[in-house]
Amino acid sequence: PFPDDARLSLGLTVYQEKRRGDASNLLKAVEDALQGVLYKNDSAFDSVSCEVCEKAGDSFRVEIEVLA
């Protein structure tokens, strides 16, 4: 887990064969799922971004980086 005082940036890219859901709901679901596991509270994020792409085959990628 990141230290409690870490400032984070979250970049989320979702690849789906057929578009389901919207970017803001997917982003919130990931933020909630990782809270308490990788960081204490999602208020640690200084920036967030989410991109939803249609692509053959379902895959899911989340990228988290600590800001300097």
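**Figure 1. Asp-32 and Lys-28 both lie in helix 1, four residues apart, which is about one turn of the helix.** The structure is a predicted model, in which local features need pLDDT of at least 70 and side-chain atom pairs count only at pLDDT 80 or more, while totals for chains, interfaces and linings use all residues. Residues are numbered from 1 along each chain as its sequence is written, and side-chain values use heavy atoms, with hydrogens and water left out. Helices (H or I, at least four residues) and strands (E, at least two) are DSSP runs, numbered from the N terminus. Asp-32 and Lys-28 form a salt bridge, with their closest N and O atoms 3.3 Å apart. A salt bridge here is a side-chain nitrogen of Lys or Arg within 4 Å of a carboxyl oxygen of Asp or Glu. Asp-32 is partly exposed because its relative accessible area is 41%, and Lys-28 is partly exposed at 40%. Residues are called buried under 20% relative accessible area, exposed over 50%, and partly exposed in between (1.4 Å probe, protein chains only). Lys-28 also meets the side chain of Asp-42 in a salt bridge of 3.1 Å, N to O. This second pair links distant parts of the chain, with Asp-42 in the loop between helix 1 and strand 2 and Lys-28 in helix 1, 14 residues apart. Through shared partners, Lys-28, Asp-32 and Asp-42 are joined into one network of salt bridges.

**Figure 2. Asp-46 and Arg-7 form a salt bridge.** The structure holds three salt bridges. In the pair shown here, the closest N and O atoms are 2.7 Å apart. Asp-46 belongs to strand 2 (residues 45–54) and Arg-7 to the segment before strand 1, so the pair ties together parts that are 39 residues apart in sequence. Asp-46 counts as partly exposed, at 45% relative accessibility. Arg-7 is likewise partly exposed, with a relative accessible area of 34%.

**Figure 3. Helix 1 has buried residues along one face.** The helix has 12 residues and reaches 17 Å from its first C-alpha to its last, close to the 16 Å expected at 1.5 Å a residue. That expected span is 1.5 Å times one less than the number of residues. The buried residues of helix 1 are Leu-26, Leu-27, Val-30, Glu-31 and Leu-34. Seen down the helix axis, these buried residues fall within an arc of 135°, so they line one face of the helix. The arc is that of the directions from the helix axis to the C-beta atoms. On the face turned away from the buried side are the exposed residues Ser-24, Asn-25 and Ala-33. Just after helix 1, Gly-36 takes a positive phi of about 90°.

**Figure 4. Glu-31 is a buried residue of helix 1.** Helix 1 spans residues 23–34 and includes Glu-31. Glu-31 counts as buried because its relative accessible area is 11%. With neighbours within four places in sequence left aside, Glu-31 is in contact with Leu-10, Tyr-39, Asp-42, Phe-45 and Val-48. Contact means heavy atoms within 4.5 Å. Ser-43 is 12 residues from Glu-31 in sequence, and their C-alpha atoms are 9.8 Å apart in space.

Figure 5. A nonpolar core is a set of buried Ala, Val, Leu, Ile, Met, Phe, Trp, Tyr and Cys residues joined through side-chain atoms within 4.5 Å. This core has 13 residues, of which Leu-8, Leu-12, Tyr-39 and Phe-45 touch the most other members. Phe-45 touches Arg-7, Leu-8, Ser-9, Leu-10, Glu-31 and Tyr-39, not counting residues up to four places away in sequence. In soluble globular proteins, nonpolar side chains tend to be buried together.

**Figure 6. Thr-13 is a buried residue in strand 1.** The strand covers residues 8–16. Thr-13 has a relative accessibility of 13% and therefore counts as buried. Apart from residues up to four places away in sequence, Thr-13 touches Glu-51, Phe-60 and Arg-61. For the setting of this view, the chain has one helix and three strands, in the pattern β-α-β-β along the sequence. Of its 68 residues, 26% count as buried. Among contacts between residues at least 6 apart in sequence, 77% join residues at least 24 apart.
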